[in-house]
Amino acid sequence: MMKYYFLRLSLLLATVFPWPVCGQQPPAGAITLATVWEQAEAGNRQISLQQQELAGSAEKVLAARDTRLPSVNVDGSYSRLSNMPLYTDGILHAPTQFPVSHEHYTAGGNLYFNLYNGGKTTREIAMAKAEQSISATKLQGSVADIRYQAAVYFLDLYRYQQFRTLLEQDIRSSELQLSEIKQLYKNGLVLKSDVLREEVKISNQRLSLTEINNNIAIHTQRLHYLMGRPDTGAIYPIVELPEVAGPAPDTSSHEAIEYKLALKNTSLGALRLDQVKANPLPKLGFFADYRYTYPQTAYYPYSRVPWSGGQAGFSVSVPVSSFYQNRHKTREARMAWQQQLTIAASVQDNLRQEIHAAFLHYQEALQQTTVARNNMLQATESLRILRSSYFNQQSLLSDLLDAETQLLQSKFNLTTAMVKVQVQHYQLLRLTGKI
């Protein structure tokens with residue numbers, strides 16, 4: 001009787017305390033979600049690609065600003081000239097060689113400074129800044145996507161590890177129960193079928209444990225990949241699931257990354273439309289030119305001496321053909337801008353639907369958590385009653401096994417519901433641009 005007492009006490013403790021004991025030292029490989037995010041942002045290739053694109057767009061802004069500086073060219077040339085044949089009697093007769101200066105060289109430079117070109121330079125800088133802002137928003141979106149994906153893998157890994165802990169505890173409880181059933185069988189109090197059914201149950205539990213371990217390995221590898229490090233070594237997520245969920249995040253779509261990106265593309269389209277409209281406008285610039293030349297052949301009388309000369313002034317050009325060649329280009333740019341406006345409105349509509357659906361799933365997960373917690377308490381009490389009645393020969397083993405299965409499933413459901421609350425929370429943060 002003393003042996004039965006200790007066995008039943010062990011079974012009761014395994015049922016009442018199904019969760020891992022807190023206060024233990026974290027194992028090697030323990031990591032928080034904030035650390036996962038930090039390493040993912042530093043080692044993920046997609047984020048690195050977006051960072052390179054952002055750096056390139058910053059250089060494009062500087063290059064656009066450089067076009068405000070004057071254009072300066074320096075050139076020079078040296079050549080040897082042959083005598084000039086003069087066909088005084090026609091090309092069918094021998095020519096007379098007219099001596100010329102065989103050496104010829106020139107060196108100089110010119111400058112052009114744009115004073116007005118319809119505001120195109122200013123818009124080029126504004127367009128480069130808009131593209132830089134778009135690249136920054138894309139980087140923000142990539143970071144948000146990686147963070148959300150990492151959070152899902154992180155929480156799924158935590159969920160499967162909790163499943164493993166619960167299942168290992170249930171297997172130990174079942175092994176203790178099997179020992180007691182075997183003792184009852186030796187005493188002739190139960191049938192051999194009870195022993196066999198308990199052994200089959202433990203075998204199925206071990207098979208489920210193998211499946212859970214495989215899922216743990218898969219999600220561990222995924223996290224290693226997101227963090228950009230070798231896929232070796234265990235990961236133990238440090239997660240504190242609150243008993244009571246905090247307030248839901250803001251469901252406004254105005255800060256959503258997709259919506260901000262659509263608005264910035266719309267602004268860029270407006271700048272491109274204005275740029276096309278400026279094609280027929282006149283251009284005004286200041287120019288200067290100075291050079292040395294040998295020989296002097298620009299003015300008569302010619303002279304075999306070096307000479308220099310320069311000029312400076314203003315140039316004005318009007319692209320007259322643009323008045324009739326620019327009409328369709330303007331219409332095309334306007335249609336592209338209007339298309340961006342439509343896309344922005346469509347993106348906002350889709351975001352509202354996705355945010356609304358995510359918020360409903362968030363509330364659904366909260367309700368599932370409450371129901372799962374109540375079900376676990378009821379299943380625990382039901383198992384306690386059936387276990388006591390079975391060992392007192394008052395109920396069947398099938399009823400006891402069903403109660404044990406319901407309790408384990410209720411623990412799984414509670415863990416899943418609590419994790420789902422966090423996943424939907426991060427989904428809302430991602431959709432609203434706050435992750």
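This is a predicted model: local features need pLDDT of at least 70, side-chain atom pairs count only at pLDDT 80 or more; totals for chains, interfaces and linings use all residues.

Biologist: What makes α4 roughly antiparallel to α6?

Modeller: The angle. Helix α4 (residues 120-186) and helix α6 (residues 257-277) pack at about 165 degrees. Angles over 145 count as roughly antiparallel, so α4 is roughly antiparallel to α6. Their axes lie 10 Å apart, and the crossing is left-handed.

Biologist: Which residue classes make up the contact of α4 with α6?

Modeller: Nine residues are nonpolar, six are polar and nine are charged.

Biologist: Why are α4 and α8 called roughly parallel?

Modeller: α4 packs against helix α8 (residues 327-391) at about 20 degrees, with axes 12 Å apart. The cut-off for roughly parallel is under 35 degrees, and therefore α4 and α8 get that label.

Biologist: Which residues meet there, α4 against α8?

Modeller: From α4 come Ser 173, Gln 177, Glu 180, Ile 181 and Leu 184. From α8 come Arg 387, Tyr 390 and Phe 391. By class, four are nonpolar, two polar and two charged.

Biologist: Now Phe 314. How do you know whether Phe 314 is buried or exposed?

Modeller: Its relative accessible area is 59%. Exposed means over 50%, so Phe 314 is exposed. Phe 314 sits in strand β8 (residues 307-317).

Biologist: What does Phe 314 touch, leaving aside neighbours within four places in sequence?

Modeller: Leu 115, Leu 284, Gly 285, Phe 286 and Phe 287. Contact here means heavy atoms within 4.5 Å.

Methods
Residues are numbered from 1 along each chain as its sequence is written. Side-chain values use heavy atoms; hydrogens and water are left out. Axes are lines fitted to C-alpha atoms, for helices over the stretch in contact, and angles run from 0 to 180 degrees between N-to-C directions. Helices (H or I, at least four residues) and strands (E, at least two) are DSSP runs, numbered from the N terminus. Angles under 35 degrees count as roughly parallel, over 145 as roughly antiparallel, 65 to 115 as roughly perpendicular and the rest as oblique. A crossing is left-handed if the near helix is turned anticlockwise from the far one by less than a right angle, and right-handed if clockwise. Ala, Val, Leu, Ile, Met, Phe, Trp, Tyr, Cys and Pro count as nonpolar, Asp, Glu, Lys and Arg as charged, and the others, Gly among them, as polar. Buried means under 20% relative accessible area, exposed over 50%, partly exposed in between (1.4 Å probe, protein chains only).
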